[in-house]
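Please walk through this structure with the text below.

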Number of protein chains: 2
Amino acid sequence: MKETSLTPERDETIYSHLHAAICDSRLLPGTRLPEDTLAETFGASRTIIRKVLQRLAYDGLIEIRPNRGALIAEPSVPEARDIFATRRILECGALAEMAGKVSAADLAALKAINAAEDEAQLKGDRAAAIRLSGEFHVRLVDLAGNAVLSELVARLIARSSLIIATYGSPISVTCRHSEHEQIIDLIARGAFTEAAQWMGEHLTTIERSLRWEQETPDLQAVLREFIDGSAAGRGK
Amino acid sequence: MKETSLTPERDETIYSHLHAAICDSRLLPGTRLPEDTLAETFGASRTIIRKVLQRLAYDGLIEIRPNRGALIAEPSVPEARDIFATRRILECGALAEMAGKVSAADLAALKAINAAEDEAQLKGDRAAAIRLSGEFHVRLVDLAGNAVLSELVARLIARSSLIIATYGSPISVTCRHSEHEQIIDLIARGAFTEAAQWMGEHLTTIERSLRWEQETPDLQAVLREFIDGSAAGRGK
DNA sequence: TCCTTGTTGATTGTATACAACCATACCCCA
DNA sequence: TGGGGTATGGTTGTATACAATCAACAAGGA
């Protein structure tokens, strides 16, 4: 891959690199992003880095705390629920507006993505599986032919990968292959209402597979348990 | 109006000033926004102005052309249609999730906004009427209790004011008072499904009241017609 | 031991200088 | 007279220097 594009739009390439790294869970929530480090890494000045960081903050992928620097966002539980609820509204709405706009080639492209995701899952490539799963949802919404809608959904899906990185269990974090297949079949049959209903349940399934409770390491309780254990069992 | 806030977060205040000016149609689509001029006006350096402009560009309220500066965005017809279609999906979806969350105080607040809009309309204060009409929609969606959804809708409504500024006829550009009233009534009765349906039709009504045709002065056609007219003496 | 307070190092916030670029206007040549 | 190449002014793009801020640490006193 090109290391740095010397000519134009360095900020664009830096942005996409960071965006990809976050969505692939190669940069985990909570990771700090000092401007100097990034500037050195990408061979750019802090001015460029700053522009990129602001854009990522708008996307909700990082958080910029005044005077304290940027870090990969850690979505709160309410925020995560809101994101999935909004995705349900948007993606189901997209399906409802898709009637008569879907070609056979579109369906074939979706199937290809689905197959690639399946393969990645079998090979144990978790990052690729998550990325392809997201791409399936994005491409699906694209079929509605609404650029504004597509962009909103793409952003929410990027944030969803942060949610999965924060709350997902190591296994079964991504969509079940069969559910995507089912949606494709329903669209092929022109059953858009049923497809939308399936999509709603599909997203609910993903949301349910997350572990909301583990948030907040609960330092107090952990330490107390440790002290109790050492006090009752072996002396200090 | 306050000229400059000397203390902190100048960018925030500058942003909100510009945002308000755009949404109130005091800055019309196509207006150029040179960095120097803005910097001088607000008493800040170009660094601050740049940050604000990027944020406005992200909101879709201005367009930044590389090396050529920023200008108030002029939404294209397809973009405008997409924005309204997306609003329909989101606002109707919000209504559907509102069951059991609406208090009497919420309804009273909506009625107050509606009354204020009505008053502004009677007084002929077009800017205030547009602003209050938008505020009604935003506050309504807030009742769903989904912060992510609220933010998306708020952004789309801000862009809608640009659409109205570009394509709206001088009269009847804003929502009809009675339609907002009707939605409040339906919510008060707990008829959220009907309210969502009404909202959909309401947004379609707004969209239909715009004049899509006048966009693109159609230079080619105009000139050809002119030439034909002078050449043929009258017409074809 | 705990709390307070001053210092220090690192990091971000802002302004400004300079380079790059585009659009206009001008001039020369056919 | 018109077309094309070229200066020029004005505007944006980028880097860097400096100021402001915060967190961590150390030292002093109760």
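A polar contact is a pair of N or O atoms within 3.5 Å; within protein, one atom must be able to donate a hydrogen and the other to accept it, and residues adjacent in sequence count only if both atoms are side-chain atoms. This is a predicted model, in which local features need pLDDT of at least 70, side-chain atom pairs count only at pLDDT 80 or more, and totals for chains, interfaces and linings use all residues. Residues are numbered from 1 along each chain as its sequence is written, chains are lettered from A and ligands numbered from 1 in the order in which they are written, and side-chain values use heavy atoms, with hydrogens and water left out.

Begin with DNA strand D. A residue is near a strand or molecule if one of its heavy atoms lies within 4 Å of it. DNA strand D is surrounded by 15 residues, the closest being A:Arg10, A:Ser45, A:Thr47, A:Arg68 and B:Arg50. Of the atoms of DNA strand D that come within 4 Å of the protein, 71% belong to sugar and phosphate. The side chain of A:Thr47 has an N or O atom 2.6 Å from a base nitrogen of DNA strand D. For A:Arg10, a side-chain N or O atom is 3.0 Å from a phosphate oxygen of DNA strand D, and for A:Asn67, such an atom is 3.4 Å from a sugar or linking oxygen of DNA strand D. Two or more residues of the surface near DNA strand D come from each of α3 of chain A and α3 of chain B. Helices (H or I, at least four residues) and strands (E, at least two) are DSSP runs, numbered from the N terminus. Which element gives the most to the surface near DNA strand D? It is α3(A), with 3 residues. By class, this surface has 3 nonpolar, 5 polar and 7 charged residues. Here Ala, Val, Leu, Ile, Met, Phe, Trp, Tyr, Cys and Pro count as nonpolar, Asp, Glu, Lys and Arg as charged, and the others, Gly among them, as polar.

Now turn to DNA strand C. It has 16 residues around it, and the closest are A:Arg50, B:Arg10, B:Ser45, B:Thr47 and B:Arg68. Sugar and phosphate make up 72% of the atoms of DNA strand C that come within 4 Å of the protein. A polar side-chain atom of B:Asn67 lies 3.5 Å from a sugar or linking oxygen of DNA strand C. The largest share of the surface near DNA strand C comes from α3(B), with 3 residues. That surface divides into 4 nonpolar, 5 polar and 7 charged residues.

Next come the salt bridges. Side chains of opposite charge can pair when their charged atoms come close. A salt bridge is counted when a side-chain nitrogen of Lys or Arg is within 4 Å of a carboxyl oxygen of Asp or Glu, and the structure holds 24 of them over all chains. One joins A:Lys51 to A:Asp11, with the closest N and O atoms 3.0 Å apart. A:Lys51 lies in helix α3 (residues 46–58) and A:Asp11 in helix α1 (residues 10–23) of chain A, so the pair ties together parts that are 40 residues apart in sequence. A:Lys51 is partly exposed, at 27% relative accessible area; buried means under 20%, exposed over 50%, and partly exposed in between (1.4 Å probe, protein chains only).

In chain B, B:Lys51 and B:Asp11 also form a salt bridge, at 3.0 Å from N to O. Another in chain B is formed by B:Arg46 and B:Glu35, at 2.9 Å. B:Arg46 lies in helix α3 and B:Glu35 in helix α2 (residues 35–42), 11 residues apart. In chain A, a network of salt bridges links A:Glu35, A:Arg46 and A:Arg50.

Last are the aromatic rings. Rings of Phe, Tyr and Trp (its six-membered ring) pair if their centres lie within 6.5 Å; planes under 30 degrees apart count as stacked, over 60 as edge-to-face and the rest as tilted. The count is 3 aromatic pairs over all chains. The ring centres of A:Tyr167 and A:Trp212 are 5.2 Å apart and their planes stand at 50 degrees, so this pair is tilted. A:Tyr167 is buried, at 0% relative accessible area, and A:Trp212 is buried at 15%.
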